[in-house]
Amino acid sequence: MEQWENTPLDTREQAPFELNDWLVSPMEGTLSRGEELVRLEPRSMEVLIYLVSRRGEVVTREELERDVWRGAVVGYEAITNTINKLRKALGDSSREPAYIATIPKRGYQLIVEVRQPQPVSAGVASSRAPVTGEESRSGWSPLVWFAGITILVLGVVWFAWQESGEQADRVAAQQPTISIAVLPFENLEKHPPRETLVNGITEDIITDLSRLSAMQVLASNATNIYRERQADPRTIGRELGVDYILDGNLRRLGDTLRINVQLIDTASGFNRWAESYDRDMMQLFAIRSEVTAGLIETLGLETSAQERRNLAHTTTDNLQAWDLFQSGQRASKRQTREGNEEAIGFYEQAIAQDPDYGRAYGSLAYSLALAFRRGWTDRPMHTLDRALELGNRAVELDASTPQTWWSLGYVHLMRQEFVKAKEAAARAIEIAPSYADGYGLLALISNNLGEAEEALRYAEKGMQLNPYYTWDYLYNKGRALYLLGRIDEAIEFLEKARDRNENAMPVRLHLAASYVRAGRLDDAEWEAEQIQMTNPAETIEHTRKSVPISEPALMQQFVEDLRQAGLPE
């Protein structure tokens, strides 16, 4: 079978096919065999379609991340879990595979023959013909595959272009004096271990610029799509709705760090400012401050005394502690138990290197609060108390960084201390008016208070600041719509959130509840099964204890919806 050239997949238009005695129906998301019917998650079906398109080839994990997940948050476990779900659905075994073989240190391979279903004529038994390149045009030939996929891809690209343009227009209509996007700095060494350094510098510059009230700064998620994509600055400006982009590259030569930056006007495509820095590695944090100062001077921005004090503050001057912290951030993004425990270890090591590193305390506090929420601890209240202690220590050490206040706000939310949670999140926004995640946390707090209209406003504000928003923005918007009784809309946004991060349990819980409210009990039961398969700790009792809903009536309604979906007590 001809390869599909690694194009994004859309299962909605794929024709049915057969794997041994299984009939696969991508449009319905099902496997059927006689009277047996198995439903697949959308992501699992996409992976199966991709393996079919590459039948006989070894598909690497990197190719699956690139072509199936397409930029969504994904960790090692996400791909493994999806393959395991496929095997379970097909009745396959990793030890003696009949469908999907694991090729050690390389990837996965579809080893079963793919067949096109044959029509059954009267009085004639149906036969199954292998799909080969010799099929006629009326069959499932490579030419038909390629043409169909090409049409789908063009449609998806056109839709994404339209959608990104609309999002950019919304941002541009409400922006402050100046808007800017910081593109991911390029690692000129092409050495993977340096990626942590490069990503950390990019994130720190975004954090510094987001403190300026006269500037709207897009979140890093909005610019990550340009990491591997070459685009004209004017095109980026139109797509993101920004006046300027800051671009740069980095190379480390022994103990010397060379950083080049340039500020580009997206209207003209010309540089407004450029600078090169050749410094000792120990001056990394000074370089970051100089970049911010250069931008402020070039753009003629007025800064308040408080903003200048905030910008002058450094979170740490210990390079090893900073590097450990960045490793913790990368592990935390996986949103799995293993990733969370790994992040905790990195943050603890960072604190050991620099006992005054406020951001490390804050991120450690968040990780412990997340462990409480997800049932990843045998001592939940002790874990939550420790999280509060660390969160308070974080703002005590570093009250001028929005992320420390954000972490404290999240801990207070998990403790159901709603007023304190809201105060901490509001403080983060006060420090950094362009801090999209601060608005996201305010949306989450408002949802737990039952303030759905306010939650919608906060979620949409965060989405304006971060046009390529992560799953949690979609989740908060969908959850607010669930509270408002706009169930069909809620399902639409919650399904999108689930597709971006299948490990996020709050999404799946509210999606199951929304399916119940929509009368889609089969979908609700299926979602509840997936929740239990992914995290058996998610039960009715755990939900009552760990989901901080303030109003008893709202909690009771939510729990009753989950009970109807089949979530165990």
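Me: Buried means under 20% relative accessible area, exposed over 50%, and partly exposed in between, for a 1.4 Å probe and protein chains only. What share of the 569 residues of the protein counts as buried?

Reply: Of the 569 residues, 54% count as buried. This is a predicted model, in which local features need pLDDT of at least 70 and side-chain atom pairs count only at pLDDT 80 or more, while totals for chains, interfaces and linings use all residues. Residues are numbered from 1 along each chain as its sequence is written, and side-chain values use heavy atoms, with hydrogens and water left out.

Me: How many helices and strands are there in the protein?

Reply: Helices (H or I, at least four residues) and strands (E, at least two) are DSSP runs, numbered from the N terminus. The protein has 23 helices and 14 strands.

Me: What part of the contacts with a separation of 6 or more is made by residues 24 or more positions apart?

Reply: Contact means heavy atoms within 4.5 Å. Of the contacts in the protein with a separation of 6 or more, 62% are between residues 24 or more positions apart.

Me: How do I read helix packing, starting with H14 and H16?

Reply: Two packed helices are described by the angle between their axes and the distance between the axes. Axes are lines fitted to C-alpha atoms, for helices over the stretch in contact, and angles run from 0 to 180 degrees between N-to-C directions. Under 35 degrees counts as roughly parallel, over 145 as roughly antiparallel, 65 to 115 as roughly perpendicular, and the rest as oblique. The axes of H14 (residues 402-414) and H16 (residues 436-448) come within 11 Å and cross at roughly 15°, so H14 and H16 are roughly parallel to each other. On the H14 side the contact is made by Trp406, Gly409, Tyr410 and Leu413, and on the H16 side by Asp437, Gly438, Leu441, Leu444, Ile445 and Asn448. By class this gives six nonpolar, three polar and one charged residues, where Ala, Val, Leu, Ile, Met, Phe, Trp, Tyr, Cys and Pro count as nonpolar, Asp, Glu, Lys and Arg as charged, and the others, Gly among them, as polar.

Me: At what angle do H16 and H17 pack?

Reply: H16 and H17 (residues 452-465) pack at about 160°, with their axes 8 Å apart. H16 is therefore roughly antiparallel to H17. Ala436, Tyr439, Leu442, Ala443, Ser446 and Asn447 of H16 meet Glu454, Ala455, Tyr458, Ala459, Lys461, Gly462 and Leu465 of H17. The classes in the contact of H16 with H17 are eight nonpolar, three polar and two charged residues.

Me: How far apart are the axes of H11 and H12?

Reply: The axes of H11 (residues 337-353) and H12 (residues 358-374) are 9 Å apart, and the helices pack at an angle of about 155°. This angle makes H11 roughly antiparallel to H12. H11 contributes Asn340, Ala343, Ile344, Tyr347, Glu348, Ala350 and Ile351 to the contact, and H12 contributes Ala360, Tyr361, Ser363, Leu364, Ser367, Leu368, Leu370 and Ala371. The residues of the contact of H11 with H12 divide into eleven nonpolar, three polar and one charged.

Me: Is Lys477 buried or exposed?

Reply: Lys477 lies in helix H18 (residues 471-483) and counts as buried because its relative accessible area is 14%. Apart from neighbours within four places in sequence, Lys477 is in contact with Leu456, Ala459, Glu460, Met463 and Phe493. With Glu460, Lys477 makes a side-chain to side-chain polar contact (3.4 Å). A polar contact is a pair of N or O atoms within 3.5 Å; within protein, one must be able to donate a hydrogen and the other to accept it, and residues adjacent in sequence count only if both atoms are side-chain atoms.

Me: What is the phi of Asn20?

Reply: Most residues other than glycine have a negative phi. Phi of Asn20 is near 55°, a positive value in a residue other than glycine. Asn20 sits in the loop between strand S1 (17-19) and strand S2 (22-25) and is partly exposed at 36% relative accessibility. The side chain of Asn20 makes a polar contact with that of Tyr99 (3.5 Å), and the C-alpha atoms of Asn20 and Val114, 94 residues apart along the chain, are separated by 7.6 Å. Gln416, also not a glycine, has a positive phi of about 60°. Gln416 is in the loop between H14 and H15 (418-431) and is partly exposed, with a relative accessible area of 36%.

Me: Where is Arg252 placed?

Reply: Arg252 is in strand S12 (residues 244-253). With a relative accessible area of 25%, Arg252 is partly exposed. The C-alpha atoms of Arg252 and Asp278 are 26 residues apart along the chain and separated by 9.6 Å.
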